Amino acid sequence: MGALDRARDDRQRGDLGSAKRRLASLLDSTGYDSDVCRELAGVCLEMQDPIESGRWFYLCEDAPGQPDQAARDAMQAFVVDCRDDPMIIASRLPRFIKRASLDTLPPGVRSRLEPLGLPHPEKPDPRTARDVIT
């Protein structure tokens, strides 16, 4: 049984805190996964934390059509809590998303992140690394 399955079991048993920790840890160790972000957003909604839920829905690929009303409301709560400031929004996103290339993200997520001006990770210049070492 993987971490996602264990988190879902935690959620079914009503142990939302454990589910949230497992899902956040899974994302931290494996990187971006829209489905895990959606699961984590749902856990946060159940925990009555719309701002944290919105933070995770912000990183979810939209279902066919548009995100549902609960996801839109949660994302709006997150953005309002960030004073609609792109720098604040970017600062509250998890580290793994800041390191991801926007080209690898789903279109709905990319469209929300592009206006934030997140830097694209670049390959280090090997000459610069060599100069620092020697």
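Predicted model: local features only at pLDDT ≥ 70, side-chain atom pairs only at ≥ 80, totals over all residues.
Start in the middle. In soluble globular proteins, nonpolar side chains tend to be buried together. Here the largest nonpolar core holds 36 residues. Within that core, Trp 56, Tyr 58, Leu 93, Leu 113 and Leu 116 touch the most other members. Helix 2 (16–30), helix 3 (34–46), helix 4 (50–57) and helix 5 (69–81) each supply at least two residues. So do helix 6 (86–92), helix 7 (95–99) and helix 8. Helix 3 gives the largest share, six residues.

Take Leu 113 as an example. Set aside its neighbours within four places in sequence. Leu 113 is then in contact with Tyr 58, Leu 59, Leu 93, Ile 97, Leu 102, Leu 105 and Leu 118. Two of these partners, Tyr 58 and Leu 93, are also on the list of core residues that touch the most other members.

Now look at how two helices pack. Two packed helices are described by the angle between their axes and the distance between the axes. For helix 3 and helix 4, the angle is about 170 degrees and the axes are 8 Å apart. An angle over 145 degrees counts as roughly antiparallel, so that is the label for helix 3 and helix 4. Helix 3 brings Cys 37, Arg 38, Leu 40, Ala 41, Cys 44 and Leu 45 to the contact. Helix 4 answers with Glu 52, Ser 53, Trp 56 and Phe 57. Trp 56 also belongs to the core described above.

Cys 37 raises a question. How far is the sulfur of Cys 37 from the closest cysteine sulfur? The closest one is in Cys 60, at 5.4 Å, and that is too far for a bond. A disulfide is a covalent bond between the sulfur atoms of two cysteines. The cut-off used here is 2.5 Å between the sulfurs. Cys 60 is therefore in no disulfide either, with the sulfur of Cys 37 as its nearest, 5.4 Å away. Across the whole structure, the search finds zero disulfides. Both cysteines are buried: Cys 37 has 0% relative accessibility, and Cys 60 has 1%.

Finish with Arg 110, in helix 8 (residues 107–113). Is Arg 110 buried or partly exposed? Its relative accessible area is 22%, so Arg 110 counts as partly exposed. Not counting residues up to four places away in sequence, Arg 110 touches Leu 102, Asp 103 and Leu 105. Its side chain reaches the backbone oxygen of Leu 102 at 3.4 Å. Arg 110 and Leu 59 are 51 residues apart along the chain, yet their C-alpha atoms are separated by 8.7 Å.

Conventions: Residues numbered from 1 in each chain as written. Heavy atoms only, no water. Helix = DSSP H or I, 4+ residues; strand = E, 2+ residues; numbered from the N terminus. Buried < 20%, exposed > 50% of the residue type's maximum accessible area, 1.4 Å probe, protein only. Contact = heavy atoms within 4.5 Å. Polar contact = N/O pair within 3.5 Å; in protein donor to acceptor, adjacent residues only side chain to side chain. Core = buried A, V, L, I, M, F, W, Y, C linked by side-chain atoms within 4.5 Å. Axes fitted to C-alpha atoms, helices over the stretch in contact; angles between N-to-C directions. Parallel < 35°, antiparallel > 145°, perpendicular 65-115°, else oblique.
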